[in-house]
Amino acid sequence: MNLEGRAKKQLRSENSNRPMEKLRAAKKEIRAVDFEKAPGSAPEKFHLLFQSSADPLFAFSETAKGNAGRIFEANRAACQKFGIDRKQFLKLTPKALQLPKEILHVKELKEKLLKKEKFFVDWTYIDKKGTRKYFELSVQVFRLGNSDKFICSARDVTRRKKNEEKLRINSSLFERVEKLAKIGSWSLDIKTNYTTGSEEFLRILEYNSKKTTPSFTLERIHPDDRELVQLYLRQALRDGSISSVEYRLIMPDGRVKFVTTSAEIIYDERRKPVQILGTIQDITDRKETELLYQESQRRFQNTLEHIQLISIILDLDGNINYCNDYLSRLSGWNREELLGNNWFDLFITDTDKMRIFFRECILRDYFPENYQNPIKTKKGEERFISWTNTMLRDADGRMIGIASIGKDISDIRITEEALKKSEENFRRITENMNDLVCQVDINGIYLYLSPSYQKVLGFTPNELIGTSIFDFIHPTEADIIRNEFKKALATNTPKLFEYQRRHKNGNYVWIEASGSGLYDDNENPIGAVINSRDITEKKKIEEELNKYQNHLEQIIEEQTKELSNYVNRLEEEIEERERIELFLIESEEKFRTLFENIQDGVTLTKNGIIVETNPYMATLLNYSGKEELIGQNLFDMMAPESKERAIKIFTVGHAKKIRLATIKEFEFICKNGVIITLEVASSSLTLKNGVYDIAIYRDTTERKKIEEQIKAALAEKEILLREIHHRVKNNLQTILYLIDMQLNGIADNATKPSFSQLQARIKTMSLVHEQLYQSNNLSKIDFSEYLRALTENIKMMFHKSVNLKLNLESEVSYLNIATVIPCGMIVNELVTNSMKYAFPENFRREEGWEPEINISFSKSNEGFTLEISDNGIGIPSDINFEEISSLGLKLINIWATYQLGGKLELNNHNGTSFKITFSKEIQKRAV
């Protein structure tokens, strides 16, 4: 029995209390079976192949409007490749998956598929991490039921795309390197004899046409070298491996170029040569430099062999790598006996001492340019030699040896005649040298110049004698060389100088000069002998080599840096991906456990459609499970008024991009029709495929009932409290009425004032309850309003004081009843006392004086200040409130210090002033 039959049989046989749920489950299984059955006659095999495919596969439907609909199937490879679990994958649309427009327009896609069996398109996908991936997407259409379905196969071509980009970059880089290195590439087709070449190849041959011609290279080869090149190619074809060959090219204008060529033979499958690939490099500059160098070396070698100076080169162990014939003649050893042997073993008497000195100089990387020491000949004779040393270094600047020119000064040390003779010999030598030799005084004035000056610089020696050497040095360097010259003479330190010197034709040439100071018997400098040579060509070569080397180093550094950065990024991405994968697995497990067990409803919606929810949400709305809620519109489950308000809130929130959580109450219609009130805390979050809303729901039905009960109880308590204040006020009024009746029956006038004071105190307390009864707030009283009412009552009690001014200044402050009563009692007592005693008859202070009482109440950050003062006769300042017999003042002290916890101050200057300060903390303690 197939899967469809099994699903229908299960539906018929199961007896469930929830038939609608089973019906939906069965329909889903039937739809899945239809998909399995659609592609062929073996659905189970097809499903196995579909899920086992290494390439990502997924299928989507067509909507009624002819657009790409929701994805209804995807294999494991697709979920893994795009990092989306299967549930989420099946909720996506092709547009959300970033598929190309060619696939989203289903109508045009079907027309293309009718013309050919498959449809291919390039697809770029950007995952959640922002990584760009490239796919080759193929699409097929098949009929399922009454509608067309589309299945897509995605082949990952990310590596190929990146390699193509690298190839493009490398090709461009190769062309740049060719141009910089002056190396061109070429290809010779053996069958057609056609030659093609790169742009640098054409530039070297100075061939303007881009079309290839048969062996057009031969047209440029020097006639004397053509046979050599042809022999070279025949040998290459015969042996299959060739080295390089150097030859000359004749340019159209007659110029000669030196080039070097290397080649490789390409064979077909039958080992028959079909093509020659090669490179060509312009080495004209190098060859010309080599020729100049060889000529210079020849002249230099010839000079060294004939001058009466020892010329030697030692390696770092002191072995002789080179020596001239003069050393052989002087020492008695022939050149074969000298080369390869150790200098110290052959020539030095104190071998150990000189070896130590030699090794220390190597370690310090410094050799004195000039020093003198004796050497022994083969016969044991001792000769005294003056040396001029030069350190030899490799391309990296490391010392590899010592080159020394030695002058035998033995005869100079013996006799003056020998000195003169040696100087004459030296003069003859210099006259035959190409180097420039001169003698100057301590100011740089020429005293002697070798004839080579005319050949190198254009000046005859006679033209320069008497002039200064510094007059011909480039202006930017003259002062520097002059200072260095003086410093070298003063310290007897030989030094090598490089500077630009003016030629007779006005141009400047580069000169390398080294000199030795001349000193009198008292070691005072008297001049110098300077040996110079023209190094202009050397400077040009060095400059070009430095530019070329720097550029190559820059290219290598950039490539190395780029490769290193790429490797580092790749390692970081792999490490970050592993960390994130582990974190996501742990986070998903924790989130799923929390999400499924939280005792509040939770939904994740997009455009109002429930994408995910938890079981408790289904319980709240009386559904059998969360599966019934997924896919439904959340707003359709609300009561009409709540639905309209919710849509408006979410629309405004999305438009203003509000992402913070908002808490509102909405009415929801349960599955059984019951309307419940839920408190909803919602917020928005932005994911790769759009904006989602996540909300938490809490049933507030019971809480609402409790709140209503609390409100009713509070209303009852407020009514009761108002009634209590009203009854207290009435009871106090009754007491006042009784006291008033008692006063009418008292004949003793001395007793009546005590009852009147008692009445005033009771009225002060009664006024508090009256204001609380009339106030909207039963816990606090407007104290400024209370003071106005209190002072009006006091003024009514003293008709004789109608001319007295009563000034009141009070900030609006709300105080509780426990603070108002002692403050009111203090005001009542002090104002009453002032009216009764502060202003006796016939009392006046000065002309224009008027009696007045001032009451002020203010507040600050520290607390409150209550001050009552008058400008009457005043009271004694030495009153002790603890021992005073007056009941009123005792009560004031009790109310101020004990009940208010404040400080009482008395000032009797120009009247009487009582100042009470107390903290705001009394308000909290009173409560």
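Reader: How many residues does α27 have, and what span does it reach?

Author: Helix α27 has 22 residues and covers 30 Å between its first C-alpha and its last, close to the 32 Å expected at 1.5 Å a residue. Of those 22 residues, 16 are buried, so α27 is largely enclosed by the rest of the structure.

Reader: Which element gives the most to the largest nonpolar core?

Author: Begin with the core itself: the largest one has 38 residues, and those with the most contacts inside it are F783, I826, V827, V831, F857, I868 and F918. At least two of its residues come from each of α26 (783-797), α27 (817-838), β29 (852-859), β30 (863-870), α28 (887-899) and β32 (912-919). The biggest contributor is α27, with nine residues.

Reader: What is F857 in contact with, leaving aside its neighbours within four places in sequence?

Author: Its partners include F783, L787, L815, F864, L866 and F918, and also E809 and E811. Another core lies apart from the largest one; it has 28 residues, among them I103, L109, V121 and V139.

Reader: Which residues of α15 are buried, and why are they on the same side?

Author: Helix α15 runs over residues 351-364 and reaches 20 Å, close to the 20 Å expected for it. T351, M354, F358, C361 and I362 are its buried residues. They cover an arc of only 100 degrees around the axis, which puts them on the same side of α15. They pack against β11 (310-315), α14 (343-347), β13 (370-376) and β15 (399-408). The face turned away from that buried side carries the exposed residues D352, K353, I356 and L363.

Reader: Is E512 buried or exposed?

Author: E512 is buried, with a relative accessible area of 11%. Its place is in strand β19 (residues 508-519). Beyond four places in sequence, E512 touches several residues, including L496, F497, R533 and K538.

Reader: How are the rings of Y446 and Y453 arranged?

Author: A pair of aromatic rings is described by the distance of the centres and the angle of the planes. For Y446 and Y453, the centres are 6.1 Å apart and the planes are at 75 degrees, so the pair is edge-to-face. Both Y446 and Y453 are buried. Elsewhere, ring pairs link F58, F82, F89, W123, Y125 and F135 into a cluster.

Reader: Where does pLDDT stay under 50?

Author: Where pLDDT is low, the predicted coordinates should not be read in detail. Here pLDDT stays under 50 over residues 1-11 and over residues 25-42. The mean for the protein chain is 77, and 76% of its residues reach 70 or more.

Methods: Residues numbered from 1 in each chain as written. Predicted model: local features only at pLDDT ≥ 70, side-chain atom pairs only at ≥ 80, totals over all residues. Heavy atoms only, no water. pLDDT = per-residue confidence, 0-100. Contact = heavy atoms within 4.5 Å. Core = buried A, V, L, I, M, F, W, Y, C linked by side-chain atoms within 4.5 Å. Buried < 20%, exposed > 50% of the residue type's maximum accessible area, 1.4 Å probe, protein only. Helix = DSSP H or I, 4+ residues; strand = E, 2+ residues; numbered from the N terminus. Expected span 1.5 Å × (residues − 1). Arc of directions from axis to C-beta. Phe/Tyr/Trp six-rings, centres within 6.5 Å; stacked < 30°, edge-to-face > 60°.
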